[in-house]
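Hi everyone, thanks for coming. Let me put the model up on the screen, and then I'll walk you through a few parts of it.

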Amino acid sequence: MRTVALVVVFLAGVTTAAAAQSALKDAYKADFVIGAALNEAQITGQDARGDAIVEAQFNSISPENCLKWERVHPQPHRYDFSIPDQYVAFGEKNRMFVVGHTLVWHNQTPDWVFRDGKGKLLGRKALLKRLRNHIYTVVGRYKGRIKSWDVVNEALNEDGSLRQSLWLKIIGESYIAKAFRYAHEADPTAELTYNDYNIENEVKRAGAVALIKKLKAEGVPITTVGIQGHYTLDSPDLKLLDEGIDAYSKLGVKVAITELDVDVLPRKNLPVTADIAVNLAQDPALNPYVNGLPDAVQQQLAERYAAIFEICLKHRGTVDRVTLWGVTDADSWHNGWPIRGRTAYSLLFNRAGKPKPAYDMVIQETGR
Ligand code: G3I
């Protein structure tokens with residue numbers, strides 16, 4: 001299929017006409033839903049051009065930041081649902097599959113969550129109570145409306161062991177099972193996801209497989225594994241994605257690609273990661289495409305995206321959603337990470353809101 005798509009892409013006129021008549025969500029209608037992560041400007045209607053792209057092209061949305069703990073529950077007795085309410089309303093207005101991200105994470109969780117009034121770390125019981133209240137309140141508010149929740153985010157280290165977060169230190173390993181159970185109690189109809197990056201890679205994958213097996217054996221209501229999909233042009237080897245989807249599918253869970261993007265910018269020696277704690281020094285040599293992306297790299301990006309979608313299509317039935325982590329290149333978190341102030345080209349729409357060759361090839365990939 002890829003060879004055919006490649007040929008078609010070079011017939012520029014034909015491709016543009018095909019893309020103009022189509023939309024991602026229509027091209028993939030028979031396969032899986034196609035999502036985009038929305039930032040605040042898109043949720044609140046300040047980015048009308050971005051909203052028009054989302055409405056025309058996508059049938060699922062994820063909140064890039066507004067449902068993270070520090071945003072939605074900044075203080076012990078204060079929840080802020082102003083942005084999340086608009087987010088869910090946007091999805092409903094457009095009949096989209098609305099995703100919630102994320103309930104339990106080691107990042108973007110205020111320090112007070114783990115401490116008592118005197119600043120001392122909480123005990124297990126007290127932290128579980130806080131976790132349950134948070135999940136009941138947030139999931140309960142959008143019961144039946146947010147269809148899928150990222151319940152636990154990034155709980156694993158690269159070697160497949162459990163990350164030493166305060167959740168683990170205070171509650172122990174059972175915090176994961178508890179979070180899923182609380183979410184299920186709050187909304188028994190919602191899909192519940194374990195979401196992480198690099199869990200296609202063999203060693204970390206083994207840890208994820210063991211974790212999910214254990215959760216399933218204990219009757220924990222997990223329905224989905226979220227492979228984030230923060231990729232570069234050459235890493236990871238996509239055979240790992242193929243094998244990873246197979247491995248998770250054998251455990252009786254669905255797979256969603258939850259945060260797909262492809263970074264074309266150089267990273268020096270940084271391994272592929274989505275660890276937001278990384279912050280490298282600025283260096284013009286590491287920001288090479290300020291004035292535009294060379295055709296050859298544009299083509300490489302298109303082929304990379306086509307190859308990713310080819311694998312997702314192969315696993316249609318197991319893969320039930322592919323979500324892009326942003327709308328246009330201007331929105332991508334890669335403009336600020338792992339180095340601030342760079343010009344990134346990670347998504348399917350350019351800074352002018354126009355579909356890129358990668359978009360055309362992703363559409364062509366369905367062969368329809
Ligand atoms: O909104 C404030 C703004 O008021 C302030 O002036 C500015 C100054 O730094 O910060 C703004 O907040 C930033 C926010 O993004 C919105 O742009 C935060 O500092 C920044 O930390 C935050 O980064 C987000 C990051 O998660 C951390 O929460 C990225 O947008 C978001 O794309 C990224 O998403 C994560 C997923 O949740 C989990 N998987 C990895 C993925 C990529 O890192």
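Let's begin in a loop: Arg95 has its place between α7 (82-93) and β3, where helices (H or I, at least four residues) and strands (E, at least two) are DSSP runs, numbered from the N terminus. Before I go on, a word on the source: this is a predicted model, so local features need pLDDT of at least 70 and side-chain atom pairs count only at pLDDT 80 or more, while totals for chains, interfaces and linings use all residues. Residues are numbered from 1 along each chain as its sequence is written, and side-chain values use heavy atoms, with hydrogens and water left out.

Back to Arg95. Phi of Arg95 is near 50°, which is a positive value in a residue other than glycine. Is Arg95 buried or exposed? Arg95 is exposed, at a relative accessible area of 78%. For these words, buried means under 20% relative accessible area, exposed means over 50%, and partly exposed is in between (1.4 Å probe, protein chains only).

There is another backbone of this kind at Gln108, a residue other than glycine with a positive phi, near 55°. Gln108 has its place in the loop between β3 and α8 (124-141). With a relative accessible area of 25%, Gln108 is partly exposed.

Now for β3 itself. Seven of the eight residues of β3 are buried, so the strand is largely enclosed by the rest of the structure. Which strands does β3 pair with? On one hand, two bridges join β2 to β3 (residues 97-104), and the two run parallel. On the other, β3 and β4 pair in the parallel sense over four bridges. Pairing here requires that DSSP finds at least two bridges between the strands.

If you'd like to find these bridges on the screen, look for Ser60, whose bridge partner in β3 is Phe97, and for Ile61, whose partner in β3 is Val98. Towards β4, the bridge partner of His101 is Asp150.

Let's stay with β2 for a moment. Strand β1 (residues 33-38) also pairs with β2, in the parallel sense and over four bridges. There, Gly35 has Ser60 as its bridge partner in β2.

A polar side-chain atom of Glu64 is 2.5 Å from an oxygen atom of the ligand. Glu259 has a polar side-chain atom 2.7 Å from a nitrogen atom of the ligand, and for Gln228 the distance from a side-chain N or O atom to a ligand nitrogen is 3.1 Å. Taken alone, the ligand exposes 790 Å², and the protein buries 55% of that; these areas come from the Shrake-Rupley method with a 1.4 Å probe.

Elsewhere, Asp196 has its place in strand β5 (residues 191-196). Asp196 is buried, with a relative accessible area of 0%. Its side chain makes a polar contact with the side chain of Tyr194, at 2.5 Å. A polar contact is a pair of N or O atoms within 3.5 Å; within protein, one must be able to donate a hydrogen and the other to accept it, and residues adjacent in sequence count only if both atoms are side-chain atoms.

Last stop: the cis peptide bonds. One joins Ser235 and Pro236, with omega about 0°, and Pro236 is found in the loop between β7 (230-232) and α12 (238-249). The bond from Trp337 to Pro338 is cis too, with omega near 0°, and Pro338 lies in the loop between β9 (319-324) and α14 (357-365).

That's my tour, thank you!
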